[in-house]
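These are my notes from going through one model, entry by entry.

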Amino acid sequence: MSRWAGALLTALMLLVALPGTASATVTPGHALTGDADLVVVMKSERELYLYRNGLIMAQYPIALGLSPIGTKQMRGDDKTPIGAYTLDWRNPNSEFHRSIHISYPDAADRAHAAALGVSAGSNIMIHGQPDYDNRPRNGDWTHGCIAVSNAAIDQIWAHVPDGTPIHIYP
């Protein structure tokens with residue numbers, strides 16, 4: 001089974017296998033308890049979900065790269081990747097209100113970009129709003145990252161430890 005098919009199967013099982021477990025939108029400032037063990041991003045829905053033990057513990061609206069259809073293939077394409085990755089480190093001193101790194105590119109992403117003769121790109125993050133200005137941002141505006149509100153990244157930061165898997169779907 002390809003990594004895309006496996007990741008999609010996991011998401012479908014999580015979203016439909018547990019009747020009566022409707023998603024809970026967590027209002028910024030609402031107290032969450034415990035840590036997430038999976039982050040799921042549904043690009044087409046513009047939603048990020050935190051899961052613990054197969055149940056949705058929080059849901060947040062997101063913004064994506066300026067060119068949101070399809071998966072990231074190279075530096076500068078303004079696409080958000082699709083696939084199964086890991087949230088592997090964080091930057092409290094980001095130009096954005098906190099940022100958590102997504103392990104893109106993986107070996108397959110690098111090999112695909114190399115076959116195209118291009119760089120795969122790097123530094124794909126989940127992050128809050130820019131700290132360098134306070135202009136409101138609407139729609140998709142990143143260069144491939146997943147942006148959330150500052151209140152949302154504060155909650156995600158507190159409840160998603162390094163090493164947590166993230167599955168990003170079309």
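Before I read off any partners, I note the rule that I used for pairing: two strands pair if DSSP finds at least two bridges between them. I also keep in mind that this is a predicted model.

I looked up the overall arrangement and found eight strands in an open sheet, in the order 3-2-1-8-4-5-6-7, with mixed pairing. The edges are strand 3 (55-61) and strand 7 (146-147), each of which pairs on one side only.

**Entry 2, strand 1 and its two partners.** I then went to strand 1, residues 38-42, which pairs with strand 8, residues 164-169, in the parallel sense over four bridges. With strand 2, residues 47-52, strand 1 runs antiparallel, and five bridges join the two. For Val41 I noted Ile168 as the residue opposite in strand 8. The hairpin of strand 1 and strand 2 has four residues between the strands, and there I found Arg46 with a positive phi near 55 degrees.

Which way do the side chains of strand 1 point, and are they buried or exposed? Leu38, Val40 and Met42 point one way, Val39 and Val41 point the other way, and all are buried. Because five of the five residues of strand 1 are buried, I record this strand as largely enclosed by the rest of the structure.

I next looked up Asp77, which sits in the loop between strand 3 and strand 4. Its relative accessible area is 16%, and since buried means under 20%, I count Asp77 as buried. I checked what its side chain reaches: a polar atom of it lies 2.8 Å from the backbone nitrogen of Gln73, and the side chain also reaches the backbone nitrogen of Met74 at 3.1 Å. Leaving aside neighbours within four places in sequence, I found Asp77 in contact with Ser67, Thr71 and Lys72.

Last, I looked up the largest pocket, which has a volume of about 410 Å³. Its lining is made of 23 residues, of which Phe96, Asn123, Met125, His143 and Cys145 lie nearest the centre. The elements that give two or more residues to this lining are strand 4 (83-91) and strand 6 (125-127). By residue type, I list the lining as seven nonpolar, eleven polar and five charged.

Note on methods:
Residues numbered from 1 in each chain as written. Predicted model: local features only at pLDDT ≥ 70, side-chain atom pairs only at ≥ 80, totals over all residues. Heavy atoms only, no water. 1 Å grid on protein atoms, 1.4 Å probe; cavity = no way out; pocket = protein on both sides within 12 Å on 5 of 7 lines; lining within 4 Å. Points joined across faces, edges and corners; volume = space filled by probe spheres on them. Nonpolar A, V, L, I, M, F, W, Y, C, P; charged D, E, K, R; others polar. Buried < 20%, exposed > 50% of the residue type's maximum accessible area, 1.4 Å probe, protein only. Polar contact = N/O pair within 3.5 Å; in protein donor to acceptor, adjacent residues only side chain to side chain. Contact = heavy atoms within 4.5 Å.
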